[in-house]
Amino acid sequence: MVFLKSILILLWNMLPGFLIVFSIKQLLFFPREEKHFSNGKKIPLTPGFAYKFKNWIMHKIKRLLQDYINDSKNFSEKSRISIWEETFFQNVWDKFEFFENIKYIPHSWKENIRYFFSMVFYEIAKQFLRKFVPYLMDYFEVDKYVELLDKKIDIDLVKKFYCAYIYKYVMLFVLAWGFFNGFWNLIIYLIIK
């Protein structure tokens, strides 16, 4: 009977570590798809976090590309590209501040020179951000590369790597820790008894 109790003490001490590591693996990789109850409501924590994270990242990349294309056509002052252009203009304006220190040029000319150079660089940035970058995105068909990336990122490969190099060793460590903890608990139990 003492032998059976000692085995139970060891297993009892190893069980929490096993359950934690096993649960983390299951939360990351199980199930692959979204599951639903019979009434059509989504089961919580489906799909697994790795699959959900991949879907979230790919959706985010696609949305960022589409937002950039939409912003390149939007000329309002609140669009992201308009803000970048204004920032670029302000940075060039600040860089050409040394014209203010030149003594032999009239003040109105200094302002006009600074404004001229700031507008030149502003227009270059505008053409680059609104015309050239969207042209490159269209020419190189970036959206197709994003779709290809979506297909090529294989969560099963990540799962295989996780199981071979992380899960296995963490599980061994946690079970060894639980075994040694259970062994000392067993020693204390036998001494007290």
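## Getting started

Buried means under 20% relative accessible area, exposed means over 50%, and partly exposed lies in between, using a 1.4 Å probe and protein chains only. At 37% relative accessibility, Glu141 counts as partly exposed.

This is a predicted model in which local features need pLDDT of at least 70 and side-chain atom pairs count only at pLDDT 80 or more, while totals for chains, interfaces and linings use all residues. Residues are numbered from 1 along each chain as its sequence is written, and side-chain values use heavy atoms, with hydrogens and water left out.

Most residues other than glycine have a negative phi, and most peptide bonds are trans. Glu141 is not a glycine, yet it has a positive phi of about 50°. You will find Glu141 in the loop between H4 and H5. (Helices, H or I with at least four residues, and strands, E with at least two, are DSSP runs numbered from the N terminus.)

The loop between H1 and H2 is worth a visit too. Leu45 is found there, and this residue, also not a glycine, has a positive phi of about 65°. Leu45 is partly exposed, with a relative accessible area of 45%. Pro47 lies in the loop between H1 and H2, and the peptide bond from Thr46 to Pro47 is cis, with omega near -10°. Pro31 has its place in the loop between helix H1 (2-29) and H2; a cis peptide bond with omega of about -10° joins Phe30 and Pro31.

Two packed helices are described by the angle between their axes and the distance between the axes. Axes here are lines fitted to C-alpha atoms, for helices over the stretch in contact, and angles run from 0 to 180 degrees between N-to-C directions. Angles under 35 degrees count as roughly parallel, over 145 as roughly antiparallel, 65 to 115 as roughly perpendicular and the rest as oblique.

H2 and H5 pack at an angle of about 180°, with their axes 11 Å apart, so the two helices are roughly antiparallel to each other. The contact (heavy atoms within 4.5 Å) involves Lys54, Met58, Ile61, Lys62 and Leu65 of H2, and Val142, Val146, Glu147, Leu149 and Asp150 of H5. By class, this contact of H2 with H5 has 6 nonpolar, no polar and 4 charged residues. In these classes, Ala, Val, Leu, Ile, Met, Phe, Trp, Tyr, Cys and Pro count as nonpolar, Asp, Glu, Lys and Arg as charged, and the others, Gly among them, as polar.

With helix H3 (residues 80-95), the picture is as follows. The axes of H2 and H3 come within 7 Å and cross at roughly 70°, so H2 and H3 are roughly perpendicular to each other. Leu64, Asp67, Tyr68, Asp71 and Ser72 in H2 meet Arg80, Ile81 and Trp84 in H3.

## Two exposed residues

Trp184 lies in helix H6 (residues 155-192) and is exposed, with a relative accessible area of 54%. The C-alpha atoms of Trp184 and Ser108 are separated by 87 Å, and the two residues are 76 residues apart along the chain.

Asn101 lies in the loop between H3 and H4. Asn101 is exposed as well, with a relative accessible area of 64%. Between the C-alpha atoms of Asn101 and Pro31, 70 residues apart along the chain, there are 68 Å.
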